[in-house]
There are 2 protein chains.
Amino acid sequence: MRIAELSRQSDVPVATIKYYLREGLLPQGELTSPNQAHYDERHLRRLRLVRALVEIGRLPIAAIRDLLAGLDTPRPDLHEALGRALAATSGPRGDIDAAASGEIAALIERRGWAIHPDTPAARAAAEAVAALRALGAGGLVKGIDGYAEAAELIAAQDLALIKDRQDAETTVLEAVVGTIIGDTLIVALRRMAQESASAAIFGRRP
Amino acid sequence: MRIAELSRQSDVPVATIKYYLREGLLPQGELTSPNQAHYDERHLRRLRLVRALVEIGRLPIAAIRDLLAGLDTPRPDLHEALGRALAATSGPRGDIDAAASGEIAALIERRGWAIHPDTPAARAAAEAVAALRALGAGGLVKGIDGYAEAAELIAAQDLALIKDRQDAETTVLEAVVGTIIGDTLIVALRRMAQESASAAIFGRRP
């Protein structure tokens, strides 16, 4: 199909598709004449993935490029792809507050989590804790074990669904998409549960 | 203090502070001469909040402006501010897939949540479900009740911490900051719990 048809089927404007092509998020089409290219189902699938990562996952372009590079290796590795997703969604960070890092290290020990306290996610958690304190909302950090328990439930669910899969490519795609888009779903479910709990406590809807 | 000192204390570049001033995210300083303004502690606190919402919460500028407008009303209302946070973080959405909306409405009923199925969070959840399906990761949706149960744990923790507060302004700030920055914390905890669960299942670290 031509770019206009790709745009129609994906509901992504032609200008945006050209931008993704320039940024290397979408492989070039096959040239059928000097200024006309042909696209196929593979482009359509990739385009839908990119759009979801941008619009729903709200990932920066550079992070998406990194993620896709992981998916495009000849034999994608689940751990490698998840590691890239972790790094992409945690983002590059500067110095982390030492007290907050210590609290996260203590949390990892209390929960018995088999992870290194310097993993990007642990640094991101420490950054969030430091920000909550700096903004006068440190009271919420007292409940961190409750949040960690909920995170364990979520992760058990994540892994249970993933480990049943046979096909490596589907597994990697589910892991990456489920991690990024799944964040949006979990945040939305948290909002709904908050609204319901708030109605129960305060007697009216927010 | 002058803008240079505000920049030093907040660790936000002067050019960024000027941008926030132009965008109305930070109130203007008091003019001490035609091209010099004076800033105080209130500006410093607000600047830290804006930076956290941009850098950690990754909220768009327009969403932050809406949130701050809610905080700046004479007597901020918890429900109003939470409602604004909900709308700001769910974002404006287009048409939602009818099947996905129906599934979320059924989930709300199964969980007994006292919310309207057309609330922005429900629409955001339906959008995430539709995206997971469209991207071939629909298997994850089968576990949505597990995610909802975790969301209930999180919301109970959120509300328990908030309802103990006396002072309205602190309550509103904690609700807003805890909602936005708390999302980042929960996502980071999910990553850590995933890494740990993945190590247990696959026998090595991602």
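1. Let's start with a term: two strands count as paired if DSSP finds at least two bridges between them. Keep that in mind for chain A of this predicted model, where a hairpin joins strand 1 to strand 2 through two residues. Strand 1 covers residues 30-33 and strand 2 covers residues 36-38, and the two run antiparallel with three bridges between them. Because two bridges would already be enough for a pair, these strands of chain A, with their three, qualify. To find one bridge yourself, look for A:Leu31, whose partner in strand 2 of chain A is A:Ala37.

2. Now step back to the two chains together. How many residues does each chain bring to the contact? Chain B brings 77 residues and chain A brings 76 residues. On the side of chain B that touches chain A, five elements each supply at least two residues: helix 3 (41-55), helix 5 (78-90), helix 7 (120-134), helix 8 (144-163) and helix 9 (168-202). Helix 9 of chain B gives the most, with 27 residues. As for the kinds of residue on this side of chain B, 47 are nonpolar, 16 are polar and 14 are charged.

3. The next point is symmetry. Chain B can be superposed on chain A by a rotation of 180 degrees, with 0.0 Å of shift along the axis and an RMSD of 0.0 Å. This is the relation of a two-fold axis. Both copies use the same surface, as 99% of the contact residues of chain B recur in chain A. Which residue of chain B comes closest to the rotation axis? That is B:Ala150, whose C-alpha lies 2.4 Å from the axis.

4. A:Asp11 is not a glycine, yet it has a positive phi of about 65 degrees. Where does A:Asp11 lie? Its place is the loop between helix 1 (3-10) and helix 2 (14-22) of chain A. Is A:Asp11 buried or exposed? A:Asp11 is exposed, because it has 10 other C-beta atoms within 10 Å, and a residue with 12 or fewer counts as exposed. In chain B, B:Asp11 also has a positive phi of about 65 degrees, and B:Asp11 lies in the loop between helix 1 and helix 2 of that chain. B:Asp11 is exposed, with 10 other C-beta atoms within 10 Å.

5. Finally, visit A:Ile17, which belongs to helix 2 of chain A. A:Ile17 is buried, because 23 other C-beta atoms lie within 10 Å and 20 or more are needed for that label. Leaving out residues up to four places away in sequence, A:Ile17 touches A:Ile3, A:Leu6, A:Ser7, A:Val12, A:Leu26 and A:Leu47.

Conventions
Residues numbered from 1 in each chain as written. Chains lettered and ligands numbered in written order. Predicted model: local features only at pLDDT ≥ 70, side-chain atom pairs only at ≥ 80, totals over all residues. Contact = placed C-beta atoms within 7 Å. Helix = DSSP H or I, 4+ residues; strand = E, 2+ residues; numbered from the N terminus. Nonpolar A, V, L, I, M, F, W, Y, C, P; charged D, E, K, R; others polar. Least-squares fit on C-alpha atoms with pLDDT ≥ 70 in both.
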